[in-house]
Amino acid sequence: MKSKQELRLEYKTKRCQLSVETETTLNERLLSQFTKLDLSEVEFLHIFIPIGKYHEPNTYLIINYIQESFPQIKIVVSRSNFEDYSMQHFILDEHTLFETNNWGIPEPVSGIKVDSSLIDMIIVPLLIFDLLGYRVGYGKGFYDRFFSSCKIDVQRVGLSFFDPIDVILDKNEYDVQLTQVITPDHIYRFFDK
């Protein structure tokens, strides 16, 4: 079995090797699966802005879908602090201004702040996940710290171009299980809230 570091490298490479056509198709299928989620109890939905150079899932498709189909849902995006690995959260609206940080991540630089305790659903970036609902991210722990500041029943929904591996062996005490992961062909549910 591979370590998180080995999995990180493998799945970054796999994503970068996807053709534009394949990536477009996978993103459309992810959106199709996302539309099957029950959003009726969601007031605040946190979503990541994709990092283009890492070929992350195109969350703009999901953002557009929510804005058109669920205009009452407040979409929340974050800015990361690389000194203490914390995140600040902002409502995404027509007034939100973005800048690309030193790591190539588009982040809000102004807007209406949102406390993490208000968030009902978090759309989580990942590289790969396992059959128990644990994920391999980029290794800084931003999202695991973020999860710990949220309400206990927050939905943690990963997006993955790839199906799960059996198990991530080198999990640690800070790793937080996802509630669901959406792939192009399936929604994996790990436990019900």
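Predicted model: local features only at pLDDT ≥ 70, side-chain atom pairs only at ≥ 80, totals over all residues.
Colleague: Why is L39 called buried?

Modeller: Its relative accessibility is 2%. Buried means under 20%, so L39 counts as buried.

Colleague: Where does L39 sit?

Modeller: In the loop between α2 (20–34) and β1 (44–47).

Colleague: Which residues does L39 touch, leaving out those up to four places away in sequence?

Modeller: F34, L45, F70, I73 and M121. Contact here means heavy atoms within 4.5 Å.

Colleague: How far apart are L39 and F90?

Modeller: They are 51 residues apart in sequence, and 20 Å apart in space, C-alpha to C-alpha.

Colleague: Turn to the cysteines. Why is C16 called partly exposed?

Modeller: C16 has 42% relative accessibility.

Colleague: How many disulfides does the structure hold?

Modeller: It holds 0. A disulfide needs a pair of cysteine sulfur atoms within 2.5 Å.

Colleague: Now the whole chain. How many helices and strands does the protein chain have?

Modeller: The protein chain has 4 helices and 12 strands.

Colleague: How do you know whether the protein chain is as compact as a globular protein of that length?

Modeller: Its radius of gyration is 16 Å. The globule rule gives 16 Å for 193 residues. Of the 193 residues, 48% count as buried.

Conventions: Residues numbered from 1 in each chain as written. Heavy atoms only, no water. Buried < 20%, exposed > 50% of the residue type's maximum accessible area, 1.4 Å probe, protein only. Helix = DSSP H or I, 4+ residues; strand = E, 2+ residues; numbered from the N terminus. Rg over C-alpha atoms; globule rule 2.2 N^0.38 Å.
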